[in-house]
Amino acid sequence: MITIPYLTALTTYFSYGLLFAFGQFRDFFRKIFDWWRGNNLQGYAPIVLGLEDFYTRRLYLRIQDCFGRPISSPPDAWVNVVERVSKDNNKTLKRTTNVSRCLNLGSYNYLGFAAADEYCTPRVIDSMKKFSPSTCSTRTDGGTTTLHTELEECVADFVGKPAALVTGMGYATNSAILPSLIGKGGLIISDSLNHNSIVNGARGSGATVRVFQHNTPSHLESVLRENIAEGQPRTHRPWKKIMVIVEGIYSMEGELCKLPEIVAICKKYKAYVYLDEAHSIGAIGKSGRGVCELLGVDTADVDIMMGTFTKSFGSCGGYIAGSKEVIQYLKHTCPAHLYATSISPPAAQQIISAIKVILGQDGSNRGAQKLARIRENSNFFRSELQKMGFEVLGDNDSPVMPIMLYNPAKIPAFSRECLKQNLAVVTVAFPATPLLLARARICLSAAHTREDMIKALKVISSVGDMIGIKYFPAEPKKPQLEEGPVKLD
């Protein structure tokens, strides 16, 4: 868990309090002017109200230029960021014709497949000519092509499960499939920092949801023991089924799941394990097979394996892998399979081709080189950031490395200053993170060269000094990482 320095917490609270007070002050006068001018919607309840709307209007809009920046190129190691201007204090933003060529540290392009690839791209183009961009149908009607069948077999073999089911959207893989796997009378025990798609899927299932402290197996066991002893609410009957849901790599923390300990506890209490490998599949492990391979966990001990194709495979959609009986059941009950348009055939071909490259089935060793490079890049970049004095979350081998910002004023400052020096980064704040735990999330790629990373480190170091986010003492500086304003060309 993150321990915030006392002074940092105090100044962060003060900053948010000041913004809240001024926002309420402005809202008060806004109500007076609205009453004075009259309103055509008198008698109607406000269509948007509450603290979420207040946060959007009075806090988010001030810095919305730091989010949702449009790009005009593939999300490769370098990306073209379209410049925007505002004439109304950031309430609206208008795109210009100007672009900035920036080093990309924000995209989930872990293995570099998001750009044109010598093996994948020609096959994707051929599949578009053969099948068209869309099936225009659900899987149960006319939306299953030979590519979809091949993809499911390929995914099942890659992750080490008997069968798999693919969907057209990664978010919907969790939110639509969880209600099909468990319902009323069941118990879901979820990590406190699981992704929003898991949260919504658990809520929509009708099952009882309990939360355990982030990545803490001992607390998971305590929650399991307590809820098994108590049984269902009111009736105290035994639970129909218990499912523990964790992620391979936590997307906002960059931490690896303590999977061996969690699997052992679930075996002890006869609970099912549901593993979300959205950020870990393809990116970690000797052959890219994810957190199970990296940590030495037998995939047979993980009942349900979920993942997405948007990170390491340069495509879209998601998958669920498990026993043949479970997958067959989901094909008859899952809304994402029954009612949603099937994954685009070119997207399916991209995934198949990317997996073949990773496994070396394209006749080259490029897949192994990509896996080695993403691991080396991640560990090098994380180590250098820590030496500079930044507070960096996550574990070694993880390509996700959050840099803690905390104070709301430092969110736009970090983002804008990096952009000025041609470095594209992603900053994350409430509601994606707790209010006090704003951060910049760095995502490394196998497409980044050592020269790219050294340039990025120089920019981040100089910006870190400028806005004061080096919360730890820095190690003696090395000549190749001398600090100072650097413009990336």
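Buried means under 20% relative accessible area, exposed over 50%, and partly exposed in between, using a 1.4 Å probe and protein chains only. By that scale Phe 29 counts as partly exposed, because its relative accessibility is 35%. This is a predicted model: local features need pLDDT of at least 70, side-chain atom pairs count only at pLDDT 80 or more, and totals for chains, interfaces and linings use all residues. Residues are numbered from 1 along each chain as its sequence is written, and side-chain values use heavy atoms, leaving out hydrogens and water.

Phe 29 lies in helix 1 (residues 6-37). Helices (H or I, at least four residues) and strands (E, at least two) are DSSP runs, numbered from the N terminus. On the surface, Phe 25, Phe 28, Phe 29, Ile 32 and Phe 33 form a nonpolar patch. Together they have about 520 Å² of accessible area. Such areas come from the Shrake-Rupley method with a 1.4 Å probe; for residues, only the protein chains shown count as cover.

Strand 1 runs antiparallel to strand 2 (residues 94-104) over 7 bridges; two strands pair if DSSP finds at least two bridges between them. Trp 78 has Leu 103 in strand 2 as its bridge partner.

Last, a loop. Ser 287 sits between strand 7 (272-276) and helix 9 (291-295). Ser 287 is buried, because its relative accessible area is 18%. Its contacts (heavy atoms within 4.5 Å) include Phe 158 and Leu 371.

Terms used: Patch = residues over 30% accessible without salt bridge, like charges linked within 9 Å, V, L, I, M, F, W, Y side chains within 5 Å. Salt bridge = Lys/Arg side-chain N within 4 Å of Asp/Glu carboxyl O. Lists of a residue's contacts leave out its neighbours within four places in sequence.
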